[in-house]
Amino acid sequence: MVFYSKKGPISSILTWLLIVGSIALPTAVHLELGTIAEDLAVTDKILLTVICSLFTLFLLSGWFHTLYIVTDKALKIRGGLFSWTIPLEEIEAITESKNPLSAPALSLDRLQITYGKSGKSKFILISPKDKSLFLKSIKKIRPDVLIEG
């Protein structure tokens, strides 16, 4: 089952401000608006455009391709260009969280997935739009998983 990330207001505003800024900066430089580009060589302008374009693509990929897939054997997490696969048998607990750490989650309304093998626990933060359906789909396959909050 596929779950898309919830998009919170804070992450929405920050993401779109960065996207607009990374488009506006090279545009202003190429149009020579103000004093921004006074001392820049053509190669510097091209480099700035390439870097800003890559940054914009990175942000857009995260915005449009952050999702979580629950299969019979694993939780697959995709956050833009990055992906994780967590075997369902390794999930120890799922806890509600507002942790602001960087994560494949586009909202601060998050779930902390604690997982690991042989006592080496790790965690990842996610923010599925429909948390209750997400939790039900995990519980259906792994009824012994501890759900807190």
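**Exercises on a predicted model**

At 59% relative accessibility, S83 counts as exposed (over 50% relative accessible area, with buried under 20% and partly exposed in between, for a 1.4 Å probe and protein chains only). The model is predicted, so local features need pLDDT of at least 70 and side-chain atom pairs count only at pLDDT 80 or more, while totals for chains, interfaces and linings use all residues. Residues are numbered from 1 along each chain as its sequence is written, and side-chain values use heavy atoms, with hydrogens and water left out.

**Exercise 1.** Determine whether S97 is buried or exposed, and describe its surroundings.

*Solution.* S97 belongs to strand β5, residues 91–97, and its relative accessibility of 13% makes it buried. Its side chain then reaches the backbone nitrogen of N99 at 2.9 Å. Not counting residues up to four places away in sequence, S97 touches L108, D109, R110, Q112 and L125.

**Exercise 2.** Work out how the buried residues of helix α3 are arranged around its axis.

*Solution.* First list the buried residues of α3 (residues 131–141), which are K131, F134, L135, S137 and I138. Viewed down the axis, these fall within an arc of 160 degrees (taken from the directions from the helix axis to the C-beta atoms), and therefore they line one face of the helix. An α-helix has 3.6 residues a turn, so residues three or four places apart point the same way. On the other side of α3, K136 and K140 are exposed.

**Exercise 3.** Describe the lining of the largest pocket by element and by residue class.

*Solution.* Of the 29 residues in this lining, the closest to the centre of the pocket are T15, S102, A103, A105 and L106. Two or more residues come from each of α1 (9–30), α2 (42–64) and β4 (82–87), and α1 gives the largest share, six residues. By class, the lining divides into 17 nonpolar, 10 polar and two charged residues, where Ala, Val, Leu, Ile, Met, Phe, Trp, Tyr, Cys and Pro count as nonpolar, Asp, Glu, Lys and Arg as charged, and the others, Gly among them, as polar.

Terms used:
On a 1 Å grid over the protein atoms alone, a cavity is a set of points where a 1.4 Å probe fits but cannot get out, and a pocket is an open set with protein on both sides within 12 Å along at least five of seven lines; lining residues have an atom within 4 Å of a point. Helices (H or I, at least four residues) and strands (E, at least two) are DSSP runs, numbered from the N terminus. A polar contact is a pair of N or O atoms within 3.5 Å; within protein, one must be able to donate a hydrogen and the other to accept it, and residues adjacent in sequence count only if both atoms are side-chain atoms. Contact means heavy atoms within 4.5 Å.
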